[in-house]
Amino acid sequence: MSMKLEDLIIDILNAPTSEEMRVIVANELANIRTFIRKCDVRYKPSLVAKIMFLNMRGENTAWANVEIANLMAHERPSYKRIGYLATMNTYDGNNEITVLITHTLEKDLKNSNPLIQMLPLTLI
């Protein structure tokens with residue numbers, strides 16, 4: 001399993017050279033890539049949070065868009081929230097999962113829970 005987000009940030013900040021920092025990031029991306037598809041769903045929000053962090057650092061995280069969309073479509077509001085936040089940060093509009101995201105937006109807008117309705121409105 002990959003390390004916690006806080007530990008990843010600390011390791012990146014404390015890396016003595018940029019080469020060591022790139023190695024840490026590459027290793028963590030590889031760990032996330034292999035772990036996210038087969039892990040239990042309860043670990044996915046923390047993995048998606050790391051993906052968001054690495055995306056904000058400029059790393060290529062396009063491979064995770066399907067997992068982010070799946071988390072966005074989850075029935076638990078806390079998982080949905082992380083999925084929507086990650087979609088806001090990583091989605092570029094030129095993606096093949098646009099239909100999946102649009103369908104999830106429509107479904108959540110029709111939800112009776114106003115907290116779930118707020119998520120697609122915030123994304124839009």
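Guide: Helices, in the sense used here, are DSSP runs of H or I with at least four residues, and strands are runs of E with at least two, numbered from the N terminus. On that basis the protein chain of this predicted model has 7 helices and 0 strands, and its elements run α-α-α-α-α-α-α from the N terminus on. The radius of gyration is 15 Å, which agrees with the value near 14 Å that a compact globule of 124 residues would have, while the C-alpha trace spans about 50 × 30 × 25 Å along its principal axes. Of the 124 residues, 39% are buried.

As for the rings, a search of the whole structure finds 1 aromatic pair. The partners are Phe 35 and Tyr 43, whose ring centres lie 6.1 Å apart and whose planes meet at 50 degrees, so the pair is tilted; planes count as stacked under 30 degrees and as edge-to-face over 60.

Another ring, that of Tyr 79, has a charged neighbour: Arg 76 lies over its face, at 4.5 Å from the ring centre. Thr 87 is buried at 3% relative accessibility, and, leaving aside neighbours within four places in sequence, Thr 87 is in contact with Ile 68, Met 72, Ile 101 and Leu 123.

Key. Residues are numbered from 1 along each chain as its sequence is written. This is a predicted model: local features need pLDDT of at least 70, side-chain atom pairs count only at pLDDT 80 or more; totals for chains, interfaces and linings use all residues. Side-chain values use heavy atoms; hydrogens and water are left out. Rings of Phe, Tyr and Trp (its six-membered ring) pair if their centres lie within 6.5 Å; planes under 30 degrees apart count as stacked, over 60 as edge-to-face and the rest as tilted. A charge sits over a ring if NZ of Lys or CZ of Arg is within 6 Å of the ring centre and within 35 degrees of the ring normal. Buried means under 20% relative accessible area, exposed over 50%, partly exposed in between (1.4 Å probe, protein chains only). Contact means heavy atoms within 4.5 Å. The radius of gyration is taken over C-alpha atoms; the globule rule is 2.2 Å times the number of residues to the power 0.38.
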